[in-house]
Amino acid sequence: PLRIASPFMEWAVRALYLFALSILSIAYALAWFQIPIATHFNWPSSFVFHLATAGISVLISFFANLSVLFYFIGTGVWMKDRAKEILKQDRSKAQQIWAIYEKSNKLKAKAFPFATFSIFFGILTFVMGGAFQVGAVPSWLHPTLATLLCLTGWIGIKFVFGAMRENLENLNKCSELLDDKLD
């Protein structure tokens with residue numbers, strides 16, 4: 001059948017989001033202790049250690065947040081296309097699917113601010129880290145942005161995961177209507 005609503009996709013995006021937040025938080029915590037850690041392991045520079053851990057975790061965070069954005073965009077397009085596809089065959093079901101699509105489209109308002117701000121704070125943190133390294137910005141700016149990046153992600157879990165749960169229910173409703181059409 002035309003069923004798209006598999007919990008695997010949502011599980012994968014949630015797992016990626018949690019993984020990204022976890023390593024981002026670990027990199028954040030390690031940043032506060034980078035000098036003692038580098039000294040303990042006899043590394044020549046604590047900066048290289050911080051750059052490696054933070055750079056990788058920010059890139060994974062970008063990917064996770066872009067996955068959230070594309071998840072909602074992709075599933076919304078799928079519902080909209082299915083409604084248009086069956087419009088000529090069954091106007092009533094097409095209208096029902098369109099109504100579900102509109103309901104799902106509103107879920108973006110719950111998830112997109114957190115994903116978008118995480119990407120924004122990630123870019124700013126990365127850039128301002130370099131600016132701090134050369135003495136172009138005050139010392140408080142980079143850690144403040146990093147704190148905002150972590151907080152945005154952790155606070156966003158409730159909203160992003162809740163919207164994904166509702167979206168999966170809507171996808172299942174669409175799939176059921178489409179399966180009924182085939183019978």
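## Close-up views of a predicted model

**View 1. Phenylalanine 8 in helix H1.** Phenylalanine 8 is a residue of helix H1, and the model in which it is shown here, as in every view that follows, is a predicted one. With a relative accessible area of 57%, phenylalanine 8 is exposed, since the cut-off for that class is over 50%.

**View 2. The crossing of helices H1 and H3.** Helix H1 covers residues 7-32, and its axis and that of H3 come within 8 Å, crossing at roughly 155 degrees. H1 is therefore roughly antiparallel to H3, a description that applies to angles over 145 degrees. As for its hand, the crossing of H1 and H3 is left-handed.

View 3. The loop between helix H2 (34-40) and H3 contains asparagine 42. Although asparagine 42 is not a glycine, it has a positive phi, of about 60 degrees. The relative accessibility of asparagine 42 is 68%, so this residue counts as exposed.

**View 4. The crossing of helices H3 and H5.** The axes of H3 and H5 come within 9 Å of each other, and they cross at roughly 160 degrees. Because of this angle, H3 and H5 are roughly antiparallel to each other, and their crossing is left-handed.

View 5. Phe47, Val48, Leu51, Ile123, Phe126 and Val127 make a nonpolar surface patch of about 540 Å². Helix H3 (46-85) and helix H5 (108-133) are the elements that give two or more residues to this nonpolar patch. One of the residues in the patch is phenylalanine 126, which lies in helix H5. Phenylalanine 126 has a relative accessibility of 49% and so counts as partly exposed.

**View 6. A salt bridge within helix H3.** The structure holds two salt bridges, and one of them is formed by glutamate 85 with arginine 82, whose closest N and O atoms are 3.1 Å apart. Both glutamate 85 and arginine 82 lie in helix H3, where they are three residues apart, about one turn of the helix. Arginine 82 has a relative accessibility of 15% and therefore counts as buried, the cut-off for that class being under 20%. Glutamate 85, by contrast, counts as partly exposed, because its relative accessibility is 45%.

View 7. In another salt bridge, the side chains of glutamate 166 and lysine 110 meet at 2.7 Å, N to O. Glutamate 166 belongs to helix H6 (residues 141-182) and lysine 110 to helix H5, so the pair ties together parts that are 56 residues apart in sequence. The relative accessible area of glutamate 166 is 30%, and this residue is therefore partly exposed. Lysine 110, at 35% relative accessibility, likewise counts as partly exposed.

Methods:
Residues are numbered from 1 along each chain as its sequence is written. This is a predicted model: local features need pLDDT of at least 70, side-chain atom pairs count only at pLDDT 80 or more; totals for chains, interfaces and linings use all residues. Side-chain values use heavy atoms; hydrogens and water are left out. Patches are made of residues with over 30% relative accessible area and no salt bridge: like charges are joined within 9 Å, nonpolar side chains (Val, Leu, Ile, Met, Phe, Trp, Tyr) within 5 Å. Accessible areas come from the Shrake-Rupley method with a 1.4 Å probe; for residues, only the protein chains shown count as cover. A salt bridge is a side-chain nitrogen of Lys or Arg within 4 Å of a carboxyl oxygen of Asp or Glu. Helices (H or I, at least four residues) and strands (E, at least two) are DSSP runs, numbered from the N terminus. Buried means under 20% relative accessible area, exposed over 50%, partly exposed in between (1.4 Å probe, protein chains only). Axes are lines fitted to C-alpha atoms, for helices over the stretch in contact, and angles run from 0 to 180 degrees between N-to-C directions. Angles under 35 degrees count as roughly parallel, over 145 as roughly antiparallel, 65 to 115 as roughly perpendicular and the rest as oblique. A crossing is left-handed if the near helix is turned anticlockwise from the far one by less than a right angle, and right-handed if clockwise.
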